[in-house]
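Here is a short briefing on one protein model.

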Amino acid sequence: MAMSVPILAIIFALHLIAFVFAVGAERRRSFAKVVPDQYDERTYCLYSTDASTVYGLSAFGLLLLSQVVVNGVTRCLCFGKGLVSATSSTTCAIFFFVFSWLSFLGAEACLLAGSAKNAYHTKYRGIFGGENISCATLRKGVFAAGAALTLLSLVGSVFYYWAHSRADTGGWQKHQNEGVGMTEQPPEFVIFKNGSKLSCGDH
């Protein structure tokens, strides 16, 4: 399997767009303030926009799609003509395969947990005047951690795809070149008998 520039472009694009969405989710986190209910003595939390949840889930989906692409192309390290041999490229492919999955799972966990927490809204808080009780909001840095892990996932995916392609293609080309010399046909012997042409296969 040779390295494909379109596949690399897709991996880069999906990761970078997911990174932009994760940064946007961090900047657009929901904030809340306590306001009194006009109908009774209770207070409730008034939240700002939920754009952060939409950004976080968009980043989650794009990162998942990129992981599906790179593992679909490489067949999740399960198959490969050159990966059966213990070479440095094979070792690198295995290392970056594990690295990409760890960073991917970490990023997805941050994005999904951040989106769910950001979407949770505290309704009523209790008796009017209880200002010491805070509304439930997402703490700062969750989506930022997801964005950072998204970049690490990009690095891991690109290097995994590169190392896998090098190990797979290199091993296949070696065996293919070795088989070229074995397919050469011996020269044909031609014998003339009584003015007629006979080859070695004629009887």
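How are α2 and α3 oriented relative to each other, roughly parallel or roughly antiparallel? They are roughly antiparallel, a label for angles over 145 degrees, while under 35 counts as roughly parallel, 65 to 115 as roughly perpendicular and the rest as oblique. The model is predicted, so local features need pLDDT of at least 70 and side-chain atom pairs count only at pLDDT 80 or more, whereas totals for chains, interfaces and linings use all residues. Residues are numbered from 1 along each chain as its sequence is written, and side-chain values use heavy atoms, without hydrogens and water.

**Overall fold**
- The protein has 4 helices and 5 strands, taken as DSSP runs numbered from the N terminus (helices H or I, at least four residues; strands E, at least two).
- From the N terminus, the order is α-β-β-α-α-β-α-β-β.
- Of the 203 residues, 35% are buried (under 20% relative accessible area; exposed is over 50%, partly exposed in between; 1.4 Å probe, protein chains only).
- Contact means heavy atoms within 4.5 Å. Among contacts between residues at least 6 apart in sequence, 79% join residues at least 24 apart.

**The α2 and α3 pair**
- The two axes, of α2 and α3, come within 8 Å and cross at roughly 160°. Axes are lines fitted to C-alpha atoms, for helices over the stretch in contact, with angles from 0 to 180 degrees between N-to-C directions.
- The crossing of α2 and α3 is left-handed: the near helix is turned anticlockwise from the far one by less than a right angle.
- On the α2 side, the contact residues include Gly56, Phe60 and Gln67. The α3 side includes Trp101, Phe104 and Glu108.
- The residues of this contact divide into 12 nonpolar, 8 polar and 1 charged. Ala, Val, Leu, Ile, Met, Phe, Trp, Tyr, Cys and Pro count as nonpolar, Asp, Glu, Lys and Arg as charged, and the others, Gly among them, as polar.
- Thr53 lies in α2. Thr53 counts as buried because its relative accessibility is 11%.
- Beyond neighbours within four places in sequence, Thr53 contacts Ser115, Asn118 and Ala119.

**Nonpolar cores**
- A nonpolar core is a set of buried Ala, Val, Leu, Ile, Met, Phe, Trp, Tyr and Cys residues joined through side-chain atoms within 4.5 Å.
- The largest has 15 residues, and Ala18, Ala22, Ala59, Leu63, Leu111 and Phe143 touch the most other members.
- α1 (5–27), α2 (51–73), α3 (88–119) and α4 (142–180) each give two or more residues to this core.
- Leu111 touches Ala22, Gly56, Ala59, Phe60, Leu63, Phe143 and Gly146, leaving out residues up to four places away in sequence.
- A second, separate core of 10 residues includes Ile11, Phe96, Tyr160 and Tyr161.
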